[in-house]
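Here's a quick briefing to read with the model open beside you. Take it topic by topic and click along as you go.

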Amino acid sequence: MTPFKCTACGYEYKPEEGDPAHNVAKNTPFADLPDDWTCPLCGVGKDKFEPMTMSPARVEEHVDKLLESESW
Ligand SMILES: [Zn+2]
């Protein structure tokens, strides 16, 4: 799943982590967030978020995280 970044404050929405502040369950894709979902840090809407494309370095980081995760 693609993480999304807030263009206003730099917050990163990670689908694997969800958004506990808004009762968003883990593994919720950005596209499945409610339309009234807002950035937990600065409060802007979903239209201010953009997908984060994964560079090779990010993919490695992602895989490391998966390997560390208890659910893996
Ligand atoms: Zn923000």
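This is a predicted model: local features need pLDDT of at least 70, side-chain atom pairs count only at pLDDT 80 or more; totals for chains, interfaces and linings use all residues.

**Loop residues with positive phi**

- N27 sits in the loop between strand 2 and strand 3.
- Its backbone is worth a look: phi of N27 is near 65°, a positive value in a residue other than glycine.
- N23 also belongs to the loop between strand 2 and strand 3.
- N23 isn't a glycine either, yet its phi is positive, at about 55°.
- N23 is exposed because it has 7 other C-beta atoms within 10 Å.

**Overall layout**

- The protein chain has one helix and three strands, and along the sequence they come in the pattern β-β-β-α.
- Of the 72 residues in the protein chain, 7% count as buried.
- Take the contacts in the protein chain with a separation of 6 or more: 49% of them come from residues 24 or more positions apart.

- The three strands make an open sheet in the order 2-1-3, with antiparallel pairing.
- Strand 2 (12-13) and strand 3 (49-51) are the edge strands, so to find them look for the ones that each pair on one side only.
- Strand 1 covers residues 4-6, and two bridges link it to strand 2 in the antiparallel sense.
- Within that pairing, F4 stands opposite Y13 in strand 2.
- As background, strands of a sheet pair through backbone hydrogen bonds, either parallel or antiparallel.

**The core**

- Which residues form the largest nonpolar core? There are five: F4, C6, Y13, C39 and F49.
- In general, nonpolar side chains in soluble globular proteins tend to be buried together.

**The helix**

- Helix 1 spans residues 56-68, and L66 lies in it.
- Is L66 buried or exposed? L66 counts as exposed because it has 11 C-beta neighbours inside 10 Å.
- L66 and E16 are 50 residues apart along the chain, and 9.6 Å separates their C-alpha atoms.

Notes: Residues are numbered from 1 along each chain as its sequence is written. A nonpolar core is a set of buried Ala, Val, Leu, Ile, Met, Phe, Trp, Tyr and Cys residues joined through C-beta atoms within 7 Å. A residue is buried if 20 or more other C-beta atoms lie within 10 Å of its own, exposed if 12 or fewer, and partly exposed in between; C-beta atoms are placed from the backbone. Helices (H or I, at least four residues) and strands (E, at least two) are DSSP runs, numbered from the N terminus. Two residues are in contact if their C-beta atoms, placed from the backbone, lie within 7 Å.
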